[in-house]
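Below are some short notes for reading alongside the model.

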Amino acid sequence: MAIDYQERIPNNVDLSEDRRLKRALEAWQPNFLNWWQEMGPTQFQANEVYLRTAISVDSKGWANFGHVKMPDYRWGIFLAEREEGRTVNFGEHKGEAAWQEVPGEYRGNLRRLIVTQGDTEPASVEQQRQLGLTAPSLYDLRNLLQVNVEEGRHLWAMVYLLHGFFGRDGREEAEQMLQRHSGDVDKPRILGAFNEETPDWLSFFMFTYFTDRDGKYQLASLAESGFDPLSRTCRFMLTEEAHHMFVGETGVGRVILRTCELMKEHGEDKVREMGGIDLTTLQKYLNFHCSVSLDLFGSERSTNAANFYSMGLKGRYGETKIDDDHLLGNDLYPILEMEGDKFVLREDNALTVINERLRDDYVTDCERGVRRWNQIIKRQGLDFELKLPHRAFNRQIGSFNLENLAGKRVSPDGRVITEAEWTQNVGDWLPTDEDRAYVISLMQSVTEPGKFANWIAPPARGINNQPADFEYVRLN
Ligand SMILES: [Fe+2]
Ligand SMILES: [Fe+2]
């Protein structure tokens with residue numbers, strides 16, 4: 001399915017056939033570009049960056065690589081191909097033909113789902129806008145900017161749905177997307193993790209590993225939606241998201257590798273002296289980003305989430321591959337609860353705890369990467385194991401948030417502890433101000449092709465198989 005690049009807004013949705021929608025989006029476009037200039041990457045807007053652009057949405061080689069200036073990036077509207085005869089696959093409408101228009105009674109709920117997802121896309125661009133100044137290499141700089149332009153495109157994806165299917169409310173929501181800003185006291189982004197700073201590259205890699213992966217799971221369950229345009233939009237977004245998580249996983253992996261090299265060369269306790277990031281600090285960053293991202297899945301028990309499922313708006317991860325009735329009215333699902341000083345698994349109605357199921361799928365996925373990181377350490381012959389923190393550790397949302405713990409706390413290894421024990425040890429579990437200052441002190445831009453900052457190893461191979469000294473960003 002070819003993308004029309006002759007149009008002002010590249011698209012594969014026959015935008016030229018819908019004059020009203022085309023006009024509305026063309027009116028939104030300059031506002032988007034203004035936002036990009038003001039809130040997007042602080043530098044390199046005039047430089048040529050080796051970016052990939054979608055040329056078609058089928059699985060084979062949708063990406064086209066070339067040097068482009070970011071403001072000239074062809075942001076547009078790309079939906080995965082329509083599946084003939086697709087039906088609603090779960091909930092009360094199971095078996096009906098998938099909806100091509102918004103069902104009137106679900107309008108408010110669908111809009112809310114789309115706005116919440118859409119808001120995260122520009123938020124992450126805002127969070128990362130300063131990072132280009134301290135990129136550890138041109139390769140990494142290019143990856144950052146690629147992630148940024150694609151998050152910008154994800155905003156386009158959601159704004160298309162708002163403009164195309166939600167009339168005037170949708171247009172207003174699309175405007176709001178550019179009004180809220182990450183960390184803004186008056187108009188913050190909707191979700192907590194998207195108001196945190198991404199002040200350094202270790203945080204960026206952890207963010208793209210843990211928080212973009214939350215995005216994957218949200219998009220995957222929206223890709224199951226009975227509202228077909230949302231499903232098709234999310235299916236294509238997922239193919240872009242994969243690269244963001246690749247940047248995170250390999251980024252953290254390369255930091256680990258470099259740290260191991262320094263440990264072997266200079267002694268296990270000499271990493272900071274030699275300008276590397278010690279594994280203990282890395283574990284603290286991991287604890288932080290994992291716990292903040294776990295919150296993004298919402299409360300364990302949620303009537304809203306149950307309703308979204310029953311209405312056919314948001315499914316489970318891999319919905320159509322699950323072998324059950326896809327109604328869940330009578331099913332049970334185990335969730336973790338704190339009982340006294342212990343954790344127990346208790347069964348609850350599968351619909352009510354559907355958020356928890358998605359969180360479980362997410363945690364399993366997170367564990368895979370941690371295993372690969374540990375293999376890097378092992379292959380270097382060193383004895384250290386990174387671990388995901390217990391899911392009750394450092395939570396703000398749901399049954400393990402502070403209020404619900406009523407004076408108790410949970411350690412990363414899942415022990416229920418007192419406030420005093422927490423205060424005494426929290427500096428070993430989460431990055432301290434001193435840790436953050438140290439990591440930030442390492443951040444210095446390296447711009448010579450093929451060179452890398454001292455705290456990170458080069459990647460195993462280049463983007464699109466380019467040679468090691470490829471000029472990913474042309475600085476002059
Ligand atoms: Fe995204
Ligand atoms: Fe992403």
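1. This is a predicted model. Within strand 7, Val-473 is the bridge partner of Val-49.

2. Strand 1 also pairs with strand 2 (residues 63-69), again in the antiparallel sense, and here the pairing runs over 7 bridges.

3. How much of strand 1 is buried? Of the 7 residues in strand 1 (residues 48-54), 5 are buried, so the strand is largely enclosed by the rest of the structure.

4. Helix 5 spans residues 201-222, which makes 22 residues. From first C-alpha to last it reaches 30 Å, close to the 32 Å expected at 1.5 Å a residue. Helix 5 has a bend of about 35 degrees, located at Phe-207.

5. Burial in helix 5 covers 21 of its 22 residues, so helix 5 is largely enclosed by the rest of the structure.

6. Helix 6 (residues 228-266) and helix 9 (residues 354-379) have axes that come within 9 Å and cross at roughly 20 degrees. Angles under 35 degrees count as roughly parallel, and helix 6 and helix 9 are therefore roughly parallel to each other. Their crossing is right-handed.

Terms used: Residues numbered from 1 in each chain as written. Chains lettered and ligands numbered in written order. Predicted model: local features only at pLDDT ≥ 70, side-chain atom pairs only at ≥ 80, totals over all residues. Helix = DSSP H or I, 4+ residues; strand = E, 2+ residues; numbered from the N terminus. Expected span 1.5 Å × (residues − 1). Bend = angle between axes of the 7 residues up to and from the residue. Buried ≥ 20, exposed ≤ 12 C-beta atoms within 10 Å, placed from the backbone. Pairing = 2+ DSSP bridges. Axes fitted to C-alpha atoms, helices over the stretch in contact; angles between N-to-C directions. Parallel < 35°, antiparallel > 145°, perpendicular 65-115°, else oblique. Left-handed = near helix turned anticlockwise from the far one by under 90°.
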